[in-house]
Amino acid sequence: MRFAPVAAALSLLLATSASVISADPGQAAPRAAMLIAQGQAALEAGDVQTAIDSFEAALVVDPGYTPIFLNLAEAARRDGLQGKAIRYYREALERDPGNFAALSGEGEALVEKGALEKAQRNLARLESLCGETCPETLSLQASITAGPPERLAAEASEDETATN
């Protein structure tokens, strides 16, 4: 009798774990997929905060679906929050170290922050994983070539002038 509650709790835990383990990681849960679609539509319409809200809700519904982190990172970048975007890209890379989109996106966010050396490391990693002609490598290379946004370049030149 004393073991009945423990056995019931353990069986519930095992049933829940089994369903999570057997879930297809390549597919989002239906409710999460709907929220992701709403977020992407909001992002395309320029409503970044609504997009972030939708993506965060999708993450609550399906925390195991890694592409949600890429969506959150893109929304954060558009909102000017490159540090937050980098955190989301790194979460995606932690779950899927060979995710080319996450490597490229993180590198582009690093360029936007002005961290060109770190972005170059991402580029070198991408080139070794997928080659010099894969779309993610070409995209990151173009971002590095273009350099940080003019706002950052202007701030850097002001800092140099102030120190001289």
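**Helices, core and salt bridges**

Biologist: How many residues does H3 have, and how far does it reach from its first C-alpha to its last?

Modeller: H3 has 14 residues and reaches 20 Å, close to the 20 Å expected at 1.5 Å a residue. The expected span is 1.5 Å times one less than the number of residues. Helices here (H or I, at least four residues) are DSSP runs, numbered from the N terminus. This is a predicted model: local features need pLDDT of at least 70, side-chain atom pairs count only at pLDDT 80 or more, and totals for chains, interfaces and linings use all residues. Residues are numbered from 1 along each chain as its sequence is written, and side-chain values use heavy atoms, with hydrogens and water left out.

Biologist: Which residues of H3 are buried?

Modeller: Val 48, Ala 51, Ile 52, Ser 54, Phe 55 and Ala 58. Buried means under 20% relative accessible area, exposed over 50%, and partly exposed in between (1.4 Å probe, protein chains only). Seen down the axis of H3, these residues fall within an arc of 165°, so they line one face of the helix. The arc is taken from the directions from the helix axis to the C-beta atoms.

Biologist: And what do they pack against?

Modeller: H2 and H4, going by contacts (heavy atoms within 4.5 Å).

Biologist: How many residues are in the largest nonpolar core?

Modeller: There are 35, and Ile 36, Phe 55 and Tyr 89 have the most contacts inside it. H4 gives the most, with seven residues. A core like this is a set of buried Ala, Val, Leu, Ile, Met, Phe, Trp, Tyr and Cys residues joined through side-chain atoms within 4.5 Å.

Biologist: Switching topic, how many salt bridges does the structure hold?

Modeller: Six, each a side-chain nitrogen of Lys or Arg within 4 Å of a carboxyl oxygen of Asp or Glu. Glu 74 pairs with Arg 77 (3.8 Å, N to O), and also with Arg 78, where the closest N and O atoms are 3.1 Å apart.

Biologist: Is Arg 77 buried or exposed?

Modeller: Buried, with a relative accessible area of 14%. Glu 74 is partly exposed at 27%, and Arg 78 is partly exposed at 48%.

Biologist: Last one: where does pLDDT stay under 50?

Modeller: Over residues 13-24, for which the model has zero contacts beyond four places in sequence. The protein averages a pLDDT of 82, and 76% of the residues score at least 70. That score is the predictor's confidence in each residue, from 0 to 100.

Terms used
Helices (H or I, at least four residues) and strands (E, at least two) are DSSP runs, numbered from the N terminus.
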